[in-house]
There are 2 protein chains.
Amino acid sequence: MEFPEKVTINEMVLRDGLQLEKKLLSVEEKKILFSSLQEAGVKSFELGSFVHPKLVPQMANSGELFEKIAREDMDLIGLVPNLKGAERAKEFGVDRINFVFSASDTHNMQNVQKTTAESIEELKKINEFCERNEMVLTVTIATSFGCPFEGDISKKRILATIEQLVGLTIGDITLADTTGMANPKQVYELLKEVKNSFPEQTFNLHFHNTRGMGLANILAGLQAGVTGFDTALGGLGGCPFAPGATGNVCTEDVVHMLHSMGIQTDIRLEGLLKASALLENMIGHQNSSYLLKAGPYNRKYPVPVSN
Amino acid sequence: MEFPEKVTINEMVLRDGLQLEKKLLSVEEKKILFSSLQEAGVKSFELGSFVHPKLVPQMANSGELFEKIAREDMDLIGLVPNLKGAERAKEFGVDRINFVFSASDTHNMQNVQKTTAESIEELKKINEFCERNEMVLTVTIATSFGCPFEGDISKKRILATIEQLVGLTIGDITLADTTGMANPKQVYELLKEVKNSFPEQTFNLHFHNTRGMGLANILAGLQAGVTGFDTALGGLGGCPFAPGATGNVCTEDVVHMLHSMGIQTDIRLEGLLKASALLENMIGHQNSSYLLKAGPYNRKYPVPVSN
């Protein structure tokens, strides 16, 4: 059982984590949450998205948030669904954008009213735009491990989708398990195959813990040699299809597992737990972090004194 | 990444799962829960324990429950903490008992007011008693992956503890992560080592999901070749030290992961979900099953119709 020595965590709470929360956070609140995570040592963030404010009201202040946060030593990423989003991101000084589309046509139609092929055409335009404007472009392929409408998504389809991105000036590609359908065997096999087929490309993973397999899937990803994972503080995120189901795999639970296995992250768990408690106050309800309830594995308890 | 083809689930909800629940279930209710699990295909159960009724009131009707359930084709196990418990189990016709002691002296003192060495002496007496009475004896070593009072428990200590059981007429040995301290690397390494050191002995695993790593630890156990796991319906169990923390690793979540990886269990997931809903009604609160909220990975959703 082999693992990488070091892993990079890309913190999603300010985008994927918050976007379904009913209580809208102000730019000031988001900045406080960001600072708390920054203090814990987190250096990569998906900070917001440039979608239509009516579709995702929680993201309406994303541009303002980007303007108010210093980018020094930080990877601050804005999600964009189309070229217009990329143009808006640039207006706010964003220099790293992540373009998301689905491997499933049905899911992609639901999300952005485009087929997968149409989204890839859009990506080519965004790629040109980013080259012209010296912006870094990364890509997330949603529903890479299954689609809630279509069901299984074959390895062949994912490989063919990635093939179409070859030649673009893109950074990492993230394979996303958008609605928590992946299992560890599938993760290991798909990642081994895409890494073999595209040895020059870096692949990251994005899991939701909808069916409790988030950490097991990360373990499988580590064994396939993956070193970058999207996670969200407090496991925030939810799922529009499964009421009560949890969201993104939880940052503090992931970091705790990695550290307990001797894998470095440069993040301080104690700092994450402070940020997670702060998050609960801001959103006004409990989050789904295990660590916030139980504390780390090496927490010792006093021996009860008998009477 | 290699796995066994088939795994045996030992259902703990009627013992470890219920023992911290405040609402006491009647023998009739426990029988209904048992039947529901039996219908789902579960064939191995830890059904109750023979401890002092004042210490664990939920277990006071364990003997009566054993008397009212037919043992045909079933492994029905009673937990015993000492010889007296084994004698009481026999009075109720129990023919399979599981003796639990801790690898940590401090934890064992808290549980049964004995050092580990004293418990092993007790085990030898129970072993003789079982041989005389043709009862099957299995053993669980608690705190095998860490102790909430002492901290780390070394591999050396576990190996030395197992060494002392050689020569007894015992069946499987279960290594238990009693308070959810194990990580996947540790699980893989310890299990590889004990299986190498005692190649004739079958080792099972018992995890709590206190820090969310239950399924990841099972994945590591599978990779080390383990084929028997204790789980509890609805993830029931809790932890006396960590209020709000979840309990045993959840049967339906484990079975769902195994099936999605192509590993057989002879258990029907749909039946487990029915039993899990029934359990919530009986205990009067939500359990911590992911599957009960989200449904299986292959559940398809209708495509929303736009206006």
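**View 1. Chain A contains twelve helices and eight strands.** Helices (H or I, at least four residues) and strands (E, at least two) are DSSP runs, numbered from the N terminus. The radius of gyration of chain A, taken over C-alpha atoms, is 19 Å; the globule rule also gives 19 Å for 307 residues, so chain A is as compact as a globular protein of that length. That rule is 2.2 Å times the number of residues to the power 0.38. This is a predicted model, in which local features need pLDDT of at least 70 and side-chain atom pairs count only at pLDDT 80 or more, while totals for chains, interfaces and linings use all residues. Residues are numbered from 1 along each chain as its sequence is written, and chains are lettered from A and ligands numbered from 1 in the order in which they are written.

**View 2. Helix 7 (residues 155-163) of chain A packs against helix 8 (residues 184-197) of chain A.** Their axes, lines fitted to C-alpha atoms over the stretch in contact, are 11 Å apart at an angle of about 35 degrees. Angles run from 0 to 180 degrees between N-to-C directions. A:Lys155, A:Ile158, A:Leu159 and A:Ile162 of helix 7 meet A:Leu190, A:Glu193, A:Val194 and A:Ser197 of helix 8. Residues are in contact if their C-beta atoms, placed from the backbone, lie within 7 Å.

**View 3. The contact between the chains takes 42 residues from chain B and 42 residues from chain A.** On the chain B side, helix 5 (105-112), helix 8 (184-197), helix 9 (214-223), helix 10 (251-260) and helix 12 (291-294) each supply at least two residues.

Notes: Contact = placed C-beta atoms within 7 Å.
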